[in-house]
Amino acid sequence: MQLGQVNDQKLKEVKQACEEEGQDGINYSYIMDTKKVERQRKQSIDTSIFHFETDKFQITIIDTPGDTQYTKNMMTGICLADAAILMISSAADEFEKGFGKDGQTKDFILHSYALGIKQMVVCINKMDDSKYSFCQKRFNEIKKEVKQQFEKINFNLQNIKFIPISAFLGDNLLEKSPNMPWYNSFTFLQALDNLIPVIRQNEGDFRLPVSYAFLVGEDTQVITGKVEQGILKANRAICFAPFLGKSENKFDIIQIEIQNKQVDEAVCGENVGFSIKNLNLNDLTKGSICGYTGENQPRECETFDAEMVIINHPGSIKRGYRPMFCIHQAFVACEFIDILSKVERKTAQQISNKPEYIKNGEAAVVRVRPTKPLCVEKFSQCPPLGRFIVRDMNTIVAIGIIKDLVYKQ
Ligand SMILES: Nc1nc2c(ncn2[C@@H]2O[C@H](COP(=O)(O)OP(=O)(O)OP(=O)(O)O)[C@@H](O)[C@H]2O)c(=O)[nH]1
Ligand SMILES: [Mg+2]
């Protein structure tokens, strides 16, 4: 808003919606929360995207929901990001609730780390709240606790900035806040401009996990997602894995768009949309990977060997365990068919061969079989498609990377 990049049409729509609901003033969360149900419940449910520019960067904000009910949507949002912005409320009891056992703050940090986020801007928001009113002590206490959480998982603290803000009043967003003279570091905008661009894997086979696939008109299908490796070019034949159809798995790209502008190609890291014809949308699954047809096309796996650290499990994990694996845009239950070895956490050196079970704090290499069609890659070959989070009973059980895999014949 302050950068003047929310266009008039959008503002008009938001103002009108607030008026119709009899609200006092404008609810700015409606800029991102566009669905009726999100506005009714006053919380984000799905991820939403907004583009803006600073002097230095073109930035795409992927707003993810914070409520624990929508963790899957949060994860798919994080997978699309190069860096994360964590909004923490400093208001009385709100920080404590979010940071507590049933809150989402710690999970967000762990998810981001496991999904490859290396840089984070942590905004301690609502500094205007009446109880603590721009209080330095409150900021320092929250910073200290959150910092400890990053230290626990060995997140590089040099890549994290903590900023006290009031999103409502604009304090420390574009300009230094006169209400917090004790704070002498980056504003939010400066923190964004100081992010280090992520190194792209433009080399290598083109890979794009499908975020959304939908029909436009009668016979055109649009696919959206982030190019995770290689370059997407028009006039190339593409295919998908998993592909559930019996018809030919080969499609010509008609048009590529980035931020509603037509382009000839999209390099690694871009969030794009492209159109094709003759695809039955039911032939894709959540997490289908798009690549070029040919020798190195994406393929379904039969099993994969996963190196993981067990973070949170109340008992011992044995063969037959079947938790949920969250990998790029896919959520698939996978069975532990063999625990191949227990390894040293830091060095990945083998400690024991074929242990009976593994438990909290231990690291292991486990052979895993997906219960549904799934396409993944070795971490060494394509990191974004080779890292995962294991979830069970609404918590993160383990995080890890794929060391090896066997393709389906
Ligand atoms: N006092 C104060 N309230 C704020 C500030 N920023 C946001 N709020 C209020 O906090 C509430 C939640 O805001 P949202 O923008 O919906 O928060 P969110 O993090 O997107 O929440 P989810 O979508 O559920 O994850 C709203 O009632 C806002 O008015 C602030 O700087 N100060
Ligand atoms: Mg929201």
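User: Two residues are in contact if their C-beta atoms, placed from the backbone, lie within 7 Å. Among contacts between residues at least 6 apart in sequence, what percentage join residues at least 24 apart?

Analyst: A word on the source: this is a predicted model, where local features need pLDDT of at least 70, side-chain atom pairs count only at pLDDT 80 or more, and totals for chains, interfaces and linings use all residues. Residues are numbered from 1 along each chain as its sequence is written, while chains are lettered from A and ligands numbered from 1 in written order. For contacts in the chain between residues at least 6 apart, the share joining residues at least 24 apart is 66%.

User: What radius of gyration does the chain have, and why does it agree with a compact globule?

Analyst: The radius is taken over C-alpha atoms, and the globule rule is 2.2 Å times the number of residues to the power 0.38. For 409 residues a compact globule would be near 22 Å, so the chain agrees, having 22 Å.

User: Which residues of helix α3 are buried?

Analyst: Helices (H or I, at least four residues) and strands (E, at least two) are DSSP runs numbered from the N terminus, and buried means 20 or more other C-beta atoms within 10 Å of a residue's own, with C-beta atoms placed from the backbone. Helix α3 spans residues 71–79 and is mostly covered, with seven of its nine residues buried. Those residues pack against β2, β3, α5, β6 and β17. They are Thr-71, Met-74, Met-75, Thr-76, Gly-77, Ile-78 and Cys-79.

User: Which residue of β21 stands opposite Phe-325?

Analyst: Strands pair if DSSP finds at least two bridges between them. β17 pairs in the antiparallel sense with β18 over four bridges, and also with β21 (residues 387–392) over four bridges, again antiparallel. In β21, the residue opposite Phe-325 is Val-390.

User: Which residue in the turn between β17 and β18 has a positive phi?

Analyst: β17 and β18 form a hairpin with two residues between them. Ile-327 has Ala-330 of β18 as its bridge partner. The turn residue with a positive phi, about 40°, is His-328.

User: How far apart are the C-alpha centres of domain 2 and domain 3?

Analyst: Domain bounds come from an automatic or database domain assignment, which gives domain 1 (8–193), domain 2 (208–292) and domain 3 (301–407). The contact takes twelve residues from domain 2 and ten from domain 3. On the domain 2 side, the largest share, three residues, comes from β6. The C-alpha centres of domain 2 and domain 3 are apart by 29 Å.

Methods
Buried ≥ 20, exposed ≤ 12 C-beta atoms within 10 Å, placed from the backbone.
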